[in-house]
Amino acid sequence: MKKVGRQASCNGRTYDAAIVNRHIAPRHTSNMASICIEKTANNPPDKMKIIRISAPGKVILFGEHAVVYGKLAVAGALNIRTLATLTFLTDTEQADPAAAVRLVLEDLPDTRIWSESDVSTIREKLKSSPENVDIVCDFLGYSLEDSSTKELAVLAALYLVVALSLEEKCGGKNSAGINETEMIPENLLKGVEIKVNSFLPIGAGLGSSAAYSVCLAAVLLTHFKIIPPPSIRTGNTADLAEQDSNDENRDIIFLTWGKHDLDLINKWAYRAERIIHGKPSGIDNTVSTYGGVVCFQDGQIELKEFDLTLRLLLTNTNVSRSTKRLVETVRRKRDENADIYDLILSAIDSISRKSLAILETSDSCENLEQFIDLNQKLLEALGVSHPSISKICEITSRYNLSSKLTGAGGGGCVITLLPDTAGPEVIADICGEMNQLGFECHVTDLSRFGVQREL
């Protein structure tokens, strides 16, 4: 969000500040990021089969670094989303009739095309060893250890496409009322275009790879009919005429799945995350799949219910950092002065627990402000802050707002709590100051919903 007089820009488009505030106001259940995505897409012809899936990012609210030592951490689904669109074309509708699968990664950017022969070759090899990612690596000429972010994204996508095509789809119920399964016909792997774009910055600790993995898993599971169409309404329809008077009024409906199907999406998303990250905790894909608030401690992940609307200003410092190096720095300091640093880590744990109780039971975010400030001070004591983070905290404190780093620190992103009293003019002023310093701002909120299909 950038200041333009009394206007603000979101995803490269300019809106009146009052409209932006209306879309992110408490208890508004539509997804602003998803709405902006929808606005930039042309309406496809009816003859095309199209599946549009979005998934949220992740933000760590409390407990960074302390979680490494067995303390509680709290994360939430960030209402900035990644979108995957699958279009299934007939022979006459394809631009390239020889293409079986076309993958378009708009943010990296990259485009890959695989023929029917390519897909069949991998399918035959994966049939006897469906979890053997090395088969796909060999086909692409990649190495899991030495590949770039772009290459790993391509690898994860191709693996999911072929591996899921070997699964069984739901064939409905037989005369006895028992669910039957059917093998997925190979013609579902002909003329498929998968396009992915995202509003999540890559490498900023906001779960961009997990949202990508969840979107891919959900769109392919839906396409192959391994899971049924979603039926649970997740939000109000959104009137898009406010944002672009050139578009016709049309409503977007957001739907999600029940737990059984979400579990399957999460399972396959985790497989993709393992390709991209090696040994992920599973936290990011869990948050992106189910939405809401997630607690994690000692390797255990627990979903939490919450009703509190939490508006956030997310500021990207654009300062790169090494999570591994920052974790090692804290570990070294703790090894040298365990008695002191254990007290800091325990205090962070207490903050996480008290904040979680507020999220679960309160209808106001005001009581969180003191814990955000305290958590930031303790993270500074651990040595994981950065001058850019301190500058953001200084700016927001002048507006009586509370901020803290999120994730590993050392740069990355900062979250600022936006109470109801923080109106669009105040937010625009803050973002204007941030932009002048080279920071990028996004007004968002926590999403109670994870992966969803947009109709």
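This is a predicted model: local features need pLDDT of at least 70, side-chain atom pairs count only at pLDDT 80 or more; totals for chains, interfaces and linings use all residues.
A bit of housekeeping: residues are numbered from 1 along each chain as its sequence is written. Local features need pLDDT of at least 70 and side-chain atom pairs count only at pLDDT 80 or more, while totals for chains, interfaces and linings use all residues, and side-chain values use heavy atoms, with hydrogens and water left out.

Four strands form an open sheet in the order 16-17-15-18, with antiparallel pairing. Helices (H or I, at least four residues) and strands (E, at least two) are DSSP runs, numbered from the N terminus, and two strands pair if DSSP finds at least two bridges between them. Strand 16 (403-406) and strand 18 (440-445) sit at the edges with a single partner strand each, so one side of each has no neighbour in the sheet. From one strand to the next, the twist averages 30°. Strand 16 meets strand 17 (residues 413-417) through four bridges in the antiparallel sense; among the residues involved, Leu405 has Val414 of strand 17 as its bridge partner. Helix 11 (residues 369-382) lies across strand 16 and strand 17, at about 55° to strand 16. Axes here are lines fitted to C-alpha atoms, for helices over the stretch in contact (heavy atoms within 4.5 Å), and angles run from 0 to 180 degrees between N-to-C directions.

Which residues have a positive phi without being glycine? His65 does, and so does Asp298. Buried means under 20% relative accessible area, exposed over 50%, and partly exposed in between (1.4 Å probe, protein chains only).

Pro109 is in the loop between strand 6 (99-105) and strand 7 (110-115).

**A buried leucine.** Leu158 belongs to helix 5 (residues 149-165), and it is buried, with a relative accessible area of 0%. What does Leu158 touch, leaving aside residues up to four places away in sequence? The list is Trp114, Ile122, Val136, Phe139 and Leu140. Leu158 and Arg112 are 46 residues apart in sequence, with a C-alpha to C-alpha distance of 9.7 Å.
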